[in-house]
Amino acid sequence: MAGSCLNLIMEYMEKIDRKSFLINLGTIGAASVVVPSIFAFNTESADFKPFNRKVKVGVIGCGSVSRMYLPHLSNCPHAEIVSLCDIKPERAKNKAAEFKVANWYPHIDKMLAGVPFDLLVNLTDMQEHGRLNRIAINAGKYVWSEKPMANSYMEGKELLDLALSKNLRIWGAPAVVNSPQFAFMAKQINAGKLGILSAGHGCYGHEGPNWSSFFYEKLGGSMPDLGVYNIATLVGLLGPAVSVTSILNIVNPAREIEDKGIIKVEEEDNAHILLEHKNGAISHIQCGFNYVNAHSYEGEEVSTLSVIGSKAKMDMIGYDWWPFAVDMATSEHRKYERLCTERGTYVWQEGASIICEYLTTGKEPLINAEHALHVLEIIEAARESNQSRRRIDLKSSFKWPIVV
Ligand SMILES: NC(=O)c1ccc[n+]([C@@H]2O[C@H](COP(=O)([O-])OP(=O)(O)OC[C@H]3O[C@@H](n4cnc5c(N)ncnc54)[C@H](O)[C@@H]3O)[C@@H](O)[C@H]2O)c1
């Protein structure tokens, strides 16, 4: 890179975040050097004072996914669930009894006026996230949000800015960057073991949820529910994307939902997304709500995500939200070798607990709001690309590599 250009960038980074820039330059393999976009800001707060006590957690949304979050949070040494909330109040009441939570409410306003808490964990319908997250931030709460953090990139960015302006933070699912397999693959890439990074592929689908209609309504869809995992993993491994092309379809226009009967599907249930990464790599993600589950989740032996370079190929075994190994072949050792079979403590539902650990101890999480916002912009751009039948440029970025 020409010296003058580097100086200019360094000058700019002095103003923004010199440390994160140096980390980026110093740790990326010989194959690629990615300069962080001017839209990648540092959200880590230098003057954050860890709580040094358990985080008081309020959980909103006591439906399907709360069955996974509530046990994890209940066992988290850094969290104390103090209240639950759901607009279907019997759900909040039942979960409060099951998990011995003293307070439950039928509305966010009542929850905010009730027993005090530090962190809102938002497990509601996708379309409600942005609105509820904003209410919580305005009430002085930290926020962990299930995906997506908001209904659009701009709304999400506004929420992040609002949180930072109040010395708060917001984070969004998924937590895929926490798995040992993600870390292993990232480290191979950082060390230049893949040579020139060329391509990535991810595939995730199932027969589609039948318990809530929001998955199929406007601003629902298979991308924010399923594709979001592979997108987060692939930009996490290959680096931020600069443009998106997609084909999105609805192949099953009517669905039967438990409490509503037959509903109309209004958002894509069949998606193919092509990403151009900043370093020239191209990745492809496919997701859908009409993919037969040919195999069980447990003991998955099939790779659902891979990255390919000029010197090696890595296949993540299992799902990126639940991986259990990495198969790797290199130009020196062309037969696949099974590596990184340790699963550690990682589980996909750990995001809110990881944030409690950060708030209690100050240990900065790998999960970062800018990464989640970049994924959200990609989903939005994929919709725009499909509608206009054009390739869409992206403006957001995030600090990469995530694992150093
Ligand atoms: N179900 C899963 O296995 C799973 C896995 C990972 C992520 N997620 C994500 O978790 C979120 C919730 O999904 P789910 O499957 O649990 O849906 P769900 O329909 O089972 O639960 C959502 C709950 O939120 C409540 N709710 C909606 N609006 C509300 C509001 N304004 N105030 C209070 N409560 C409100 C609903 O009454 C419902 O009980 C979604 O973003 C989804 O993508 C779900």
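Author: Happy to! Let us start with two helices: α6 (129–138) and α9 (222–238) each supply at least two residues of the shell around the ligand. Helices here are DSSP runs of H or I with at least four residues, strands are runs of E with at least two, and both are numbered from the N terminus. The biggest share of the shell comes from α6, with three residues.

Before going on, please keep in mind that this is a predicted model, in which local features need pLDDT of at least 70 and side-chain atom pairs count only at pLDDT 80 or more, while totals for chains, interfaces and linings use all residues. Residues are numbered from 1 along each chain as its sequence is written, and side-chain values use heavy atoms, with hydrogens and water left out.

Now to the shell as a whole. Of the 26 residues around the ligand, S64, D86, R91, E128 and S212 come nearest; a residue is near a molecule if one of its heavy atoms lies within 4 Å of it. Sorted by class, the shell holds eleven nonpolar, six polar and nine charged residues. In this sorting, Ala, Val, Leu, Ile, Met, Phe, Trp, Tyr, Cys and Pro are nonpolar, Asp, Glu, Lys and Arg are charged, and the others, Gly among them, are polar.

Which side-chain atoms approach the ligand? For E128, an N or O atom of the side chain is 2.7 Å from a nitrogen atom of the ligand. For S212, a side-chain N or O atom is 2.5 Å from a ligand oxygen. K147 has a polar side-chain atom 2.9 Å from an oxygen atom of the ligand. A polar contact is a pair of N or O atoms within 3.5 Å; within protein, one must be able to donate a hydrogen and the other to accept it, and residues adjacent in sequence count only if both atoms are side-chain atoms.

K147 has another feature to look for: the peptide bond from K147 to P148 is cis, with omega near -5 degrees. P148 itself belongs to the loop between β5 (142–145) and α7 (153–165).

Back in α6, you can find I135. I135 counts as partly exposed because its relative accessibility is 25%; buried means under 20% relative accessible area, exposed over 50%, and partly exposed in between, with a 1.4 Å probe and protein chains only. The C-alpha atoms of I135 and D109 are separated by 8.7 Å, although the two residues are 26 residues apart along the chain.

Where is E268 found? E268 is in the loop between β10 (261–264) and β11 (270–277). With a relative accessible area of 4%, E268 is buried. The side chain of E268 also makes a polar contact with the side chain of R383, at 2.8 Å.

One last stop is A382, which lies in helix α11 (residues 369–388). A382 counts as buried because its relative accessibility is 0%.
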